[in-house]
Amino acid sequence: MARSVWKGPFVDAYVLKKAEAARDSGRKEVIKIWSRRSTILPQFVGLTFGVYNGQKHIPVNVTEDMIGQKFGEYSPTRTYYGHAADKKAKRK
Amino acid sequence: MNDKVCVGAIAGAYGVRGEVRLKSFCAVPEDIVDYAPLSSEDGTQNFSVQVTGRIKNGLTARLSGVESKEAADALKGLRLYAPRERLPALPDDEYYYADLIGLEVLDTGGTPLGRVRSVQNHGAGDLLEIIGPGLKATVLLPFTQEAVPTVDLEAGRIIADPPDGLF
């Protein structure tokens, strides 16, 4: 069942605090968070979060198209090493 | 840089007429045909590939020189390699995973940080997994212009400017 609209998106309070502090400082840093359940808000765009996956913090660069998703979606808890073959990486 | 890239593997025979089940590791599975003829790791066996259909978890294909189910069964587990130069050239700022893996990673001061172990993408951009002697566990470095200002494939190294709190 979907979350009621009147409540607004859920975000752990400490994530908001840390994001605000990082934005104010203007420093390039990875914001370590453990809250995989928090929703990605528009004010997080451009920041890099280190989202805990149970073992380590996976860097997640937040972009506009990620708004509304949860942080945990970008930090898988199981790692699969496939073959490189012809797969390409783009430097953004 | 490796001169050969593993692009697929033979999973076994398909049917009784010498076709094989082919596992393609390519981003688009059917692209494996573009890199044919493919060879075994030691280079002793070479195959041209003709894809005949799609099945669950792979493709069905006919390989040159494989005419019977017994011959196809004998190839089960064989990994297929293509020469690196057969992969098409890429535009600036695009790199093959195979080229990035193994590169030495240095920081902007020239201090070695480690080597690229793998490239991962979990939906939020590409990440370089770096392993090094001074690291307790692997570190994931975002593959962005800011964090990785220089990629020098000829020299086999990457200059990284990692954000605070990563290393």
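Analyst: UniProt annotations may be inferred rather than shown by experiment, and their positions are given in the numbering used here. The model itself is predicted.

User: What covers residues 98–166 of chain B in UniProt?

Analyst: An unreviewed entry carries the annotation "domain: Ribosome maturation factor RimM PRC barrel" for residues 98–166 of chain B. In the model, this stretch is 45% strand and 4% helix. Its end C-alpha atoms are 24 Å apart.

User: What does UniProt list for residues 6–85 of chain B?

Analyst: "domain: RimM N-terminal", again from an unreviewed entry. Residues 6–85 of chain B are 46% strand and 8% helix. The end C-alpha atoms of that stretch lie 13 Å apart.

User: Why is A:Ser38 called buried?

Analyst: The cut-off is 20 or more other C-beta atoms within 10 Å. A:Ser38 has 23 C-beta neighbours inside 10 Å, so A:Ser38 counts as buried.

User: Where does A:Ser38 lie in chain A?

Analyst: In the loop between β1 (30–33) and β2 (48–52).

User: What is A:Ser38 in contact with, leaving aside its neighbours within four places in sequence?

Analyst: Contact needs C-beta atoms within 7 Å. The partners of A:Ser38 are A:Phe10, A:Val11, A:Asp12, A:Val15, A:Lys70 and A:Phe71. There is also a C-alpha separation of 9.5 Å between A:Ser38 and A:Gly68, 30 residues apart along the chain.

User: What makes up chain A as a whole?

Analyst: One helix and four strands. The order is α-β-β-β-β from the N terminus on. The C-alpha trace spans about 45 × 40 × 25 Å along its principal axes. Chain A has 92 residues, and 27% of them count as buried. Among its contacts with a separation of 6 or more, 42% join residues 24 or more positions apart.

User: What makes a set of residues a nonpolar core?

Analyst: Its members are buried nonpolar residues such as Val and Leu, joined through C-beta atoms within 7 Å. The largest nonpolar core here has 63 residues. A:Val60, B:Val7, B:Val20, B:Leu38, B:Leu100, B:Leu128 and B:Leu141 touch the most other members. Strand β1 (residues 4–14) of chain B gives the largest share, five residues. Domain 1 (4–86) and domain 2 (97–160) of chain B each supply at least three. In soluble globular proteins, nonpolar side chains tend to be buried together.

User: What is B:Leu38 in contact with, beyond its neighbours within four places in sequence?

Analyst: B:Val7, B:Phe47, B:Val49, B:Leu80, B:Tyr81 and B:Ala82. B:Val7 and B:Leu38 are both among the core residues that touch the most other members.

Notes: Residues numbered from 1 in each chain as written. Chains lettered and ligands numbered in written order. Predicted model: local features only at pLDDT ≥ 70, side-chain atom pairs only at ≥ 80, totals over all residues. Helix = DSSP H or I, 4+ residues; strand = E, 2+ residues; numbered from the N terminus. Buried ≥ 20, exposed ≤ 12 C-beta atoms within 10 Å, placed from the backbone. Contact = placed C-beta atoms within 7 Å. Domains from an automatic or database assignment.
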